[in-house]
Amino acid sequence: MDTVIRYFPHLSERQREQFAAMLPLYEEWNAQINVISRKDMEHFYEHHVLHSLAIAKVMPFAPMTEVLDVGTGGGFPGVPLAVMFPEARFTLIDSIGKKIKVVSDVIDRLGLANAKAQQIRAEQLDGEYDFVVSRAVTSLPEFVPWVKDKISKSQYNKLRNGILYLKGGDLKSELFPFRHKVRTWDIAEFFAEPFFETKKVIHLPFA
């Protein structure tokens, strides 16, 4: 929690309360369902919350921005971003029902009126969104066809509408098909922890 405040010192009291409440909520659920690996729970704020918030460092979502989190799993990056941007609107989806059960409860108990969770595959979802966010669900060439027709053409953010993807490692071959328009940021530019040394935020515009 202190790590989050160090990198985001201007959080409101409400936001600080919501971030502080996350760990006990996930600990409670993890005792019932293995949403996050036991080992990873020791680094909950760094590996999950702060990693999700790397997107906030490159894209401060404007009010009323519609954001779709595909393959949200336990609620990342969608839940931390919904806390960070209370005036944007977040839809978190996953095909696995027990994960959506956890995410729905977390959203409810954190009081996130700007977020909702749904058990559905991206390909089956109707509607348009300004941004699609995700955390290493699959390779980007496989991910893009799932969501590229769901990007709205209305623009009111500093980055063009499209995908904001969290992924690590050597991405040269994966990004090659999109090389003329993709942009990447090293998360290590924002956060000093060794965990982030090879991790990136990827922006692929589609509108």
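Student: So, Phe196: buried, partly exposed or exposed?

Tutor: Phe196 is buried, because its relative accessible area is 0%. Buried means under 20% relative accessible area, exposed means over 50%, and partly exposed is in between, using a 1.4 Å probe and protein chains only. Before we go on: this is a predicted model, where local features need pLDDT of at least 70, side-chain atom pairs count only at pLDDT 80 or more, and totals for chains, interfaces and linings use all residues. Residues are numbered from 1 along each chain as its sequence is written, and side-chain values use heavy atoms, with hydrogens and water left out.

Student: OK. And what about Phe195?

Tutor: Phe195 has a relative accessible area of 23%, so that one counts as partly exposed. Phe195 and Phe196 form an edge-to-face aromatic pair, 5.0 Å centre to centre with 80° between the planes. For the cut-offs: rings of Phe, Tyr and Trp (its six-membered ring) pair if their centres lie within 6.5 Å, and planes under 30 degrees apart count as stacked, over 60 as edge-to-face and the rest as tilted.

Student: Which residues do ring pairs link into a cluster?

Tutor: Tyr7, Phe8, Phe190, Phe191, Phe195 and Phe196. Phe8 also has a charge over its ring: the charged end of Lys57 sits 4.5 Å from the ring centre. That label needs NZ of Lys or CZ of Arg within 6 Å of the ring centre and within 35 degrees of the ring normal. Lys181 does likewise over the ring of Phe206, with its charged end 4.4 Å from the centre.

Student: How many aromatic pairs does the structure hold?

Tutor: There are 14. One of them is Phe61 with Phe85: the ring centres are 5.3 Å apart and the planes sit at 80°, so this pair is edge-to-face. Helices (H or I, at least four residues) and strands (E, at least two) are DSSP runs, numbered from the N terminus.

Student: Are Phe61 and Phe85 buried or exposed?

Tutor: Both are buried. Pro60, in that loop between α4 and β1, is partly exposed, because its relative accessibility is 42%. Leaving aside neighbours within four places in sequence, Pro60 is in contact with Phe85, Asn157 and Lys158, where contact means heavy atoms within 4.5 Å.

Student: Switching to the core. Which residues touch the most other members of the largest one?

Tutor: Of its 53 residues, those are Phe8, Met22, Tyr26, Phe61, Val79, Phe90 and Leu164. The elements that each supply at least two residues include α1 (2-7), α2 (13-30), α4 (44-58), α5 (78-84), β2 (89-94) and α6 (97-110). The largest share, nine residues, comes from α4. A nonpolar core here is a set of buried Ala, Val, Leu, Ile, Met, Phe, Trp, Tyr and Cys residues joined through side-chain atoms within 4.5 Å.

Student: What does Val79 touch?

Tutor: Not counting residues up to four places away in sequence, Val79 touches Met22, Tyr26, Leu92, Val103, Val106, Ile107, Leu110 and Leu112. Apart from this core lies another, of 22 residues, among them Tyr129, Phe143, Ile163 and Tyr165.

Student: Now strands. How many bridges join β2 to β3?

Tutor: Five, and the two strands run parallel, with β3 covering residues 115-119. Two strands pair if DSSP finds at least two bridges between them. Phe90 stands opposite Ala115 in β3. Together with α6, β2 and β3 make a right-handed β-α-β unit. Right-handed means that, with the strands pointing away from the viewer, the path from the first strand over the helix to the second runs clockwise.
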